Amino acid sequence: MTIQFNDETFRDDYSFRNSDWAIKRFPFPFHEDSYMYSVNMEQHRGGPEGSVYEKRFDVDEHYVSEMRDRAKVLDDDPLRCQSLPHMTLAGWDLLELIMVSKSEDYPDLFELHRDGDTWRWVNKPLGIDDTFTFLDETTLPYGPMEYITRQSQGDFAVLDQRENNLWMDAGMITTQADWSLDFDIGMNFFEWHAPVPMAHEMGIFKRALKFLLNIPQGAPARRLNWTMTVNPLLDTSPENYHKWGIQKTTLTPENIGAKQHLRVELQTFYRLPRSNALAFPIRCYLCSFQDLMTMPKWGRRLHRVIKDLPDELATYKGFIDNRPMMLDYLAQFDDGLPTSPGIFPEPETEPPLKTG
Amino acid sequence: MSAPQKAKAGPEEIPVIVSAVVPVTDHVTRFEFTRSDGADFPPFSGGAHTVVSMKDEGRTRLNPYSLMSDPADLSTYAISVRREDDGRGGSLFMHTKVSQGDAMTITYPVTLFSVDQRAKKHVFFAGGIGITPFLSMIGQLEHSNGNWELHYAARTPESAVYADMLLMKFPTKVSVYYSGKGDRIPFGTLLEGQPLGTHTYVCGPARFTEHLRDTATQKGWPASHIHSEEFTAPAPGEPFTVRLCKSDKTITVGEHESLLEAIEREKIDAPFMCRGGSCGQCETRVVSANGEFIHRDHWLDESDAESGTKIMPCVSRFIGSKLELDL
């Protein structure tokens with residue numbers, strides 16, 4: 001399949017748009033009409049054709065524009081990308097994983113030619129054709145992790161594994177849901193999760209850590225996480241909260257369908273072979289409420305999930321103040337009909353929604 | 001999330017051909033593998049191991065062995081197997097029934113013992129066949145100009161696998177000590193002279209490992225700078241009976257098989273990864289028990305082990321009248 005790349009922005013005039021194709025493959029995160037935390041892990045080895053789960057690293061119509069946005073964020077704030085000195089080998093592991101995966105999964109877009117340690121990488125959408133020496137960082141314009149993640153959608157945390165814990169020792173974090181790499185760098189798994197409500201008491205993190213420590217080479221895993229974002233803004237960082245936090249007050253009953261976005265993270269987990277580090281790509285997908293309402297099942301379900309969500313979670317996810325307005329908007333589509341289980345939209349079989 | 005998928009019980013497998021069988025000493029043989037599909041093996045971290053699957057007259061033996069080949073050469077994986085005449089039979093199978101050209105299955109590399117990339121220097125202590133993980137670690141460090149030294153204890157020059165090769169290639173970094181000649185590794189002295197930021201690694205018999213750990217701790221080394229490969233082979237024991245509640249089956253664990261192996265024999269998919277009591281993957285909840293647990297793993301902490309509510313089926317056993325597991 002050839003992808004038509006959008007020319008769009010995730011700031012200022014917010015020209016970001018999802019095509020019908022992108023809406024249909026949006027990773028809607030609720031498999032039933034309610035939501036509670038769970039570790040909800042599954043193996044990451046493909047998925048339905050055309051879905052965001054199909055390839056190891058999904059490339060979509062937003063690729064070129066997202067990479068342009070990342071470059072701008074890094075120009076303004078280079079500390080969004082950091083790698084502690086012992087993480088260079090893990091960076092090479094990640095570079096290899098992404099180059100091999102993308103060249104195999106998207107041969108029309110990416111090429112990797114290897115002759116011993118001499119590698120040639122061709123990235124057609126971004127117009128890159130570089131030859132370098134594998135494991136020799138003097139032959140690349142950036143460190144290996146920064147080089148490859150400037151060419152890959154989604155954030156990347158690279159976690160060192162030692163002392164039965166994971167350590168946030170490297171990352172490229174520019175499309176984050178309100179957390180800061182510069183703040184978390186060097187922290188362990190329990191330290192960086194300290195602000196999350198309820199989950200500690202539920203024993204979620206202890207179980208999740210145990211699962212992650214045991215992710216074996218050759219068997220990656222994945223899960224979804226979600227939050228809400230007003231305007232299609234990728235960089236919702238604490239560093240820039242003064243710029244985007246205020247936008248949450250601009251919602252009105254008239255503009256909420258277009259401005260309010262469900263923000264979903266497809267999180268994947270890969271054991272890196274040489275360093276034994278854990279790569280944690282966090283891919284962000286945005287979809288406006290009005291686009292979600294084009295899928296009847298999602299329209300019904302989103303209303304029920306948001307209505308029943310515990311206050312602690314609505315607060316932590318930053319939309320407690322806007323929840324009444326969201327529910328007013330969503331309620332007009334929910335006719336009370338049952339929904340089918342699972343996350344896929346099934347537009348052919350679900351009856352149409354009430355008109356909004 | 002999307003279509004539910006059943007996770008496989010163990011690590012991913014790779015079909016291989018035995019490309020060479022090389023006797024190293026009277027008791028140790030090296031086995032080299034190439035992939036059946038002709039491709040390269042996955043990259044791995046020095047110190048990683050693979051689980052070798054052996055088809056032995058109707059039963060499947062799954063034994064972990066350290067990868068000792070050079071991590072930079074992915075055309076071949078190699079392991080060295082010491083023949084244990086009083087063991088449970090896996091090493092004897094490798095020594096007597098495996099020949100060049102045989103098809104076998106091994107798993108993807110599993111890393112529970114690896115080079116700490118923060119270390120300014122790496123000091124390795126090997127006892128006997130415990131030398132094998134250090135061979136691939138040394139390979140890895142040589143490619144990145146790492147600073148390392150090795151202290152290797154063996155009974156006699158004849159039993160010291162790969163000592164000659166190591167001494168020839170790295171005369172200034174390798175010291176070998178022969179206990180048959182009364183020569184012991186001076187742990188204390190060696191640990192004292194190390195620069196700040198040094199990490200130490202030990203692999204060998206349990207008492208050897210404990211000795212290094214105790215000495216380093218006494219000398220004030222931080223626990224995070226002391227690394228050990230703690231692999232336990234399942235030990236034989238009295239047969240015992242187990243009730244598997246979810247599967248609704250009662251099985252008997254034989255004298256020479258592990259609880260995990262008995263469960264697998266009954267075609268019940270139980271999780272595992274290292275099969276040596278250290279990774280935690282096979283941790284199983286005890287529903288009820290009347291008897292005594294023989295915990296031999298390195299995973300459960302003291303309170304879990306004493307509580308009688310958890311067991312690691314890969315290495316641990318039970319003596320008593322009743323054991324019911326959540327499997």
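A salt bridge is counted here when a side-chain nitrogen of Lys or Arg lies within 4 Å of a carboxyl oxygen of Asp or Glu. The structure on display is a predicted model, in which local features need pLDDT of at least 70 and side-chain atom pairs count only at pLDDT 80 or more, while totals for chains, interfaces and linings use all residues. Residues are numbered from 1 along each chain as its sequence is written, chains are lettered from A and ligands numbered from 1 in the order in which they are written, and side-chain values use heavy atoms, with hydrogens and water left out.

**Stop 1: salt bridges within chain A**

Select A:Lys297 and A:Glu346, whose closest N and O atoms are 2.6 Å apart in a salt bridge. A:Lys297 belongs to helix H11 (residues 296-308) and A:Glu346 to the segment after helix H13 (323-331), so this pair ties together parts of chain A that are 49 residues apart in sequence. Helices (H or I, at least four residues) and strands (E, at least two) are DSSP runs, numbered from the N terminus. A:Lys297 is buried at 0% relative accessibility, whereas A:Glu346 is partly exposed at 31%. Buried means under 20% relative accessible area, exposed over 50%, and partly exposed in between (1.4 Å probe, protein chains only).

Next, select A:Arg56 and A:Glu104, a salt bridge with its closest N and O atoms 2.8 Å apart. Because A:Arg56 sits in the loop between strand S1 (42-43) and helix H2 (63-76) and A:Glu104 in helix H3 (residues 88-105), the pair ties together parts of chain A that are 48 residues apart in sequence. A:Arg56 is partly exposed, at 29% relative accessibility.

**Stop 2: A:Gln161**

Move to A:Gln161 in strand S6 (residues 155-162) of chain A, a residue that is buried at 19% relative accessibility. Its side chain makes a polar contact with the side chain of A:Arg271 (2.7 Å) and reaches the backbone oxygen of A:Leu213 at 3.1 Å. A polar contact is a pair of N or O atoms within 3.5 Å; within protein, one must be able to donate a hydrogen and the other to accept it, and residues adjacent in sequence count only if both atoms are side-chain atoms. Leaving aside residues up to four places away in sequence, the residues that A:Gln161 touches (heavy atoms within 4.5 Å) include A:Leu166, A:Leu212 and A:Asn276.

**Stop 3: the interface**

Display both chains: 25 residues of chain B are in contact with 26 residues of chain A. Between the two chains there are 3 salt bridges and 9 residue pairs in polar contact (both at pLDDT 80 or more). Select A:Glu163 and B:Arg118 to see a salt bridge with the closest N and O atoms 3.9 Å apart.

**Stop 4: chain B**

Select B:Lys97 and B:Asp56, which form a salt bridge with the closest N and O atoms 3.5 Å apart. B:Lys97 lies in helix H1 (residues 90-97) and B:Asp56 in strand S3 (residues 49-56), so the pair ties together parts of chain B that are 41 residues apart in sequence. B:Lys97 is partly exposed, with a relative accessible area of 43%, and B:Asp56 is buried at 10%.

Finish at B:Thr215 in helix H5 (residues 206-218) of chain B, buried with a relative accessible area of 10%. The side chain of B:Thr215 reaches the backbone oxygen of B:His211 at 2.6 Å. Beyond residues up to four places away in sequence, B:Thr215 touches B:Phe187, B:Gly188 and B:Leu191.
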